[in-house]
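The sequence and the structure come first.

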Amino acid sequence: MTAIVLQARLNSTRLPRKALLELNGKPVLSRVMETLSHVAADVRVLACDEASYPHFEPLAAEAGFLCVAGPAEDVLERFCLVIRKTGADVIIRATGDNPFLFADAAEASLARYRELQESGNPPDYFTWSGLPHGSGVEIMNGKSILLAAALTDSSFDHEHVGPALYRHRDRFRCMYETAPEPWYYPGVRTTIDTREDFERASHMLAYLTERETPFPYGAESVVSAWKYVSRPILFVPATEPGTGTGHVVRTVELMERMRRDWLTLLYVGASDEAASRIPGHLQHAIVQSLPEKAHRVVLDHFQTDSVAMARLRSIAPVVALDEGGAGRLSADYLLDIIPSLDSRKKKPNLIEPRFIPLPSHRKEAEPESIRSVLVVAGGENAARLAHPAGKIFALLDYEVTVIDPEAQGIILSADGYTVSGLVPLLRERLCHYDLVVTHYGFTAFEALAAGCRVLLFSPTRYHYRLAVRYGFAAMAPGKLTAAQVVKRLGALRNPPQGLDRASESLDLASEIAALCEGGAEGCPFCGERESRRIIARHKERTISRCPSCGMAHTSFLGRKTSAYTHSYFFEEYRSQYGKTYLEDFDSIKALGASRITRIAKEFDRIFSPQAEVRKTVLDVGCAYGPFLEAARESQWIPTGTDISPEAVEYVQGTLGIPAVVSAFPAPDPDQTLDRERFSAVTLWYVIEHFQDLEAVFSRIRKLLVPGGILAFSTPSERGVSGLFNRAEFWRKSPLDHWTVWNPYRVKKQLASKGFELLSLVSTGHHPERFPFMAKARRNGFRWRACLWLSRTFSLGDTFEVYAKMNGTLEDIE
């Protein structure tokens with residue numbers, strides 16, 4: 001018999017009476033029971049303490065649950081009461097503060113438990129790791145719970161149930177498996193433990209209700225709701241006088257597009273005028289002061305100083321649009337939609353004018369002559385240039401329309417040109433004019449796409465330099481004259497690399513949303529988050545150097561990285577190396593043989609024969625096992641671990657070598673790796689893939705015997721590619737590499753983690769990557785000379801590290 005046992009109590013410490021708090025019209029406890037009613041079971045029981053029983057029993061009866069009361073502090077005894085009362089031999093344990101439990105994952109977890117039961121070595125305890133905190137269940141053997149209760153007198157075991165089994169692995173078989181991909185969201189929190197948790201849950205349920213999400217809620221829907229509530233995007237546009245209206249307009253357009261899937265906040269400072277321009281349905285998004293934290297800051301501020309940028313970066317990673325201030329250098333991600341003066345010297349991650357919303361109405365052909373002229377100087381007309389320009393063009397006998405934001409309707413000026421107030425969606429009317437006269441900004445690029453000729457005047461010297469830099473016909477700042485206009489019209493040209501009638505818009509909102517999905521982390525090695533020096537920017541990411549430990553690392557990743565599945569070892573590997581991983585098995589194995597030989601030499605130096613230390617090696621990220629097989633042939637006892645189930649299945653089934661699936665440094669399902677300490681741990685081209693190296697080194701220290709050997713290989717920042725073609729080196733560095741190591745810094749870095757460097761081996765020598773060597777004859781004199789230089793001065797593009805953990809065997813208790 002299978003029983004769902006839901007434990008709950010009324011007197012919770014951090015959030016009193018949370019089980020009865022109204023969650024969008026129903027008590028939290030009722031919401032949990034609603035979800036569990038969709039999990040197949042023979043009986044469903046609410047196990048509470050005696051004080052809670054009068055309050056809970058009516059809710060349980062309404063939900064079809066049996067209510068059983070027991071001791072307040074001895075929750076384990078409550079479960080024993082249920083087992084004795086129902087005769088259940090399989091228990092699905094859930095808690096009353098988890099309204100967003102994954103019903104489908106619970107049923108799949110039970111099915112997996114039954115599979116393991118039939119395998120001949122059934123577990124007493126089973127759960128999946130990696131589900132959101134608050135969305136999973138535990139599966140336990142009923143008889144094992146009764147036995148555990150009789151054997152333990154620990155108050156902790158009796159209060160928390162599960163520990164009575166998994167803290168006593170000498171008696172009980174406990175298994176953890178990484179949750180399947182549809183439910184694997186380890187960074188998500190859905191439980192209700194605090195007032196903040198409850199408010200988040202209320203907003204999540206409102207989100208799901210508003211979208212009429214089918215019940216019970218699936219993992220994708222719950223995670224979407226969590227993302228919406230937990231990852232607010234703060235928009236900060238320029239609102240100061242003289243900065244125009246385009247920044248606010250663009251921000252509003254982005255919020256309109258993104259607000260269904262993201263919680264959007266808007267900070268306009270003390271500008272009542274800017275706030276008045278925000279549509280009524282977005283007024284609720286305006287915040288009066290900067291929040292302490294957000295998920296991303298989208299900055300459209302024109303010019304931000306370094307102090308203001310640092311303040312915004314303390315809130316969240318900053319995605320800056322067309323940033324021209326001193327703070328530009330420290331923005332986490334720079335997107336120049338309109339190329340700026342800094343776009344070359346202070347290179348952005350991406351320059352892309354097609355993110356401007358381009359007009360759909362366009363000329364069929366570029367005008368052969370100019371008759372109609374539109375003069376527009378922006379939403380503020382701050383420099384008061386529109387009317388002087390309009391007057392000059394009218395005197396030159398053109399049909400002129402001037403956009404004046406202060407004008408009401410359409411009138412004819414005394415100087416013979418038409419004056420119009422602000423025109424909604426002006427970009428769609430640009431095609432009616434032969435020439436658009438404006439300043440460097442959105443309208444200039446929109447006019448190019450509409451098929452118009454473009455002439456720019458310059459409110460400031462900065463505008464003029466921008467116009468000239470990017471190939472526009474432009475008039476210098478100052479008083480406009482007819483002679484100046486005639487001269488520029490005679491040399492009228494469109495930018496050589498600008499937009500044209502064939503250009504298609506790209507979706508800026510989708511791009512910003514993608515940048516909000518990617519990773520933004522501090523230093524993976526030491527955890528430093530605030531200060532860093534940016535050393536490279538590319539479309540997909542920003543690379544920085546940590547001032548504390550010197551590690552070069554990805555500080556902002558604009559896209560999610562791919563999983564290490566079958567395609568990673570086959571299609572992707574073939575595209576890079578011309579063969580699949582298995583086709584390359586023998587050559588990788590030969591390399592592994594030389595590595596295990598070096599490890600064996602270090603082992604013999606460290607451990608005397610009398611120490612009786614077994615030659616055991618754990619290969620983290622073992623893939624399909626070439627190093628493991630090389631180690632076995634060298635009389636070592638190998639074990640592997642990899643995140644890919646296909647790879648581990650090959651190692652176990654084809655090679656016959658022990659291996660486990662795990663997302664290292666997380667424990668493996670059966671905690672096989674923790675049953676002994678290894679004399680060596682290896683990571684061949686794996687260490688650069690970790691985002692949290694403190695957790696990695698902590699796990700390695702627990703797995704190694706004192707004095708044990710750590711060996712790994714990784715790309716080198718100081719190889720020939722990194723030294724002589726630095727920009728290309730950073731551009732080609734794989735997106736799933738979070739760190740790039742420098743052999744000159746390794747000794748100090750490893751010492752900070754409790755390891756002593758033994759040796760470095762420079763590998764990956766490529767003479768053809770030296771300057772002027774791309775076409776050199778292989779094995780010719782120059783090629784061999786560069787190979788000698790590379791080997792002599794350790795200029796390989798990769799290197800191997802051999803180190804030992806501090807301590808001696810006497811340190812083992």
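This is a predicted model: local features need pLDDT of at least 70, side-chain atom pairs count only at pLDDT 80 or more; totals for chains, interfaces and linings use all residues.

The crossing of helix 3 past helix 5 is left-handed. On the side of helix 3, the contact is formed by Leu 76, Phe 79, Cys 80, Ile 83 and Arg 84; helix 5 contributes Gly 142, Ile 145, Leu 146 and Ala 149. Sorted by class, the contact of helix 3 with helix 5 holds seven nonpolar residues, one polar residue and one charged residue.

From helix 20, the residues in the contact are Phe 585, Ile 588, Lys 589, Gly 592, Ala 593, Arg 595, Ile 596 and Ile 599. They meet Pro 626, Phe 627, Glu 629, Ala 630, Ala 631 and Glu 633 of helix 21. By class, this contact of helix 20 with helix 21 has nine nonpolar, one polar and four charged residues.

Seven strands form an open sheet with mixed pairing, in the order 28-27-26-29-30-33-32. Strand 28 (659–661) and strand 32 (755–763) are the edge strands, each pairing on one side only. From one strand to the next, the twist averages 15 degrees. Helix 21, residues 626–633, packs on this sheet and touches strand 26 (616–620), strand 27 (637–642) and strand 29 (678–684). The direction of helix 21 makes about 170 degrees with that of strand 27.

Within the sheet, strand 29 and strand 30 run parallel and are joined by six bridges; Leu 683 stands opposite Phe 712 of strand 30. Strand 30 (residues 704–715) also pairs with strand 33 (residues 798–805), here in the antiparallel sense and over seven bridges. In that pairing, Ile 709 is opposite Lys 804 of strand 33. Strand 30 is mostly covered, with twelve of its twelve residues buried.

Leu 757 belongs to strand 32. Apart from neighbours within four places in sequence, Leu 757 is in contact with Val 746, Lys 747, Leu 750, Val 801, Tyr 802 and Ala 803. Between Leu 757 and Glu 602 there are 155 residues of sequence separation and 11 Å in space, taken from C-alpha to C-alpha.

For the protein chain as a whole, the secondary structure amounts to 27 helices and 33 strands. The C-alpha trace spans about 100 × 85 × 45 Å along its principal axes. Of the 813 residues in the chain, 55% are buried. Among contacts with a separation of 6 or more, 65% come from residues 24 or more positions apart.

Methods. Residues are numbered from 1 along each chain as its sequence is written. Side-chain values use heavy atoms; hydrogens and water are left out. A crossing is left-handed if the near helix is turned anticlockwise from the far one by less than a right angle, and right-handed if clockwise. Helices (H or I, at least four residues) and strands (E, at least two) are DSSP runs, numbered from the N terminus. Contact means heavy atoms within 4.5 Å. Ala, Val, Leu, Ile, Met, Phe, Trp, Tyr, Cys and Pro count as nonpolar, Asp, Glu, Lys and Arg as charged, and the others, Gly among them, as polar. Two strands pair if DSSP finds at least two bridges between them. Axes are lines fitted to C-alpha atoms, for helices over the stretch in contact, and angles run from 0 to 180 degrees between N-to-C directions. Buried means under 20% relative accessible area, exposed over 50%, partly exposed in between (1.4 Å probe, protein chains only).
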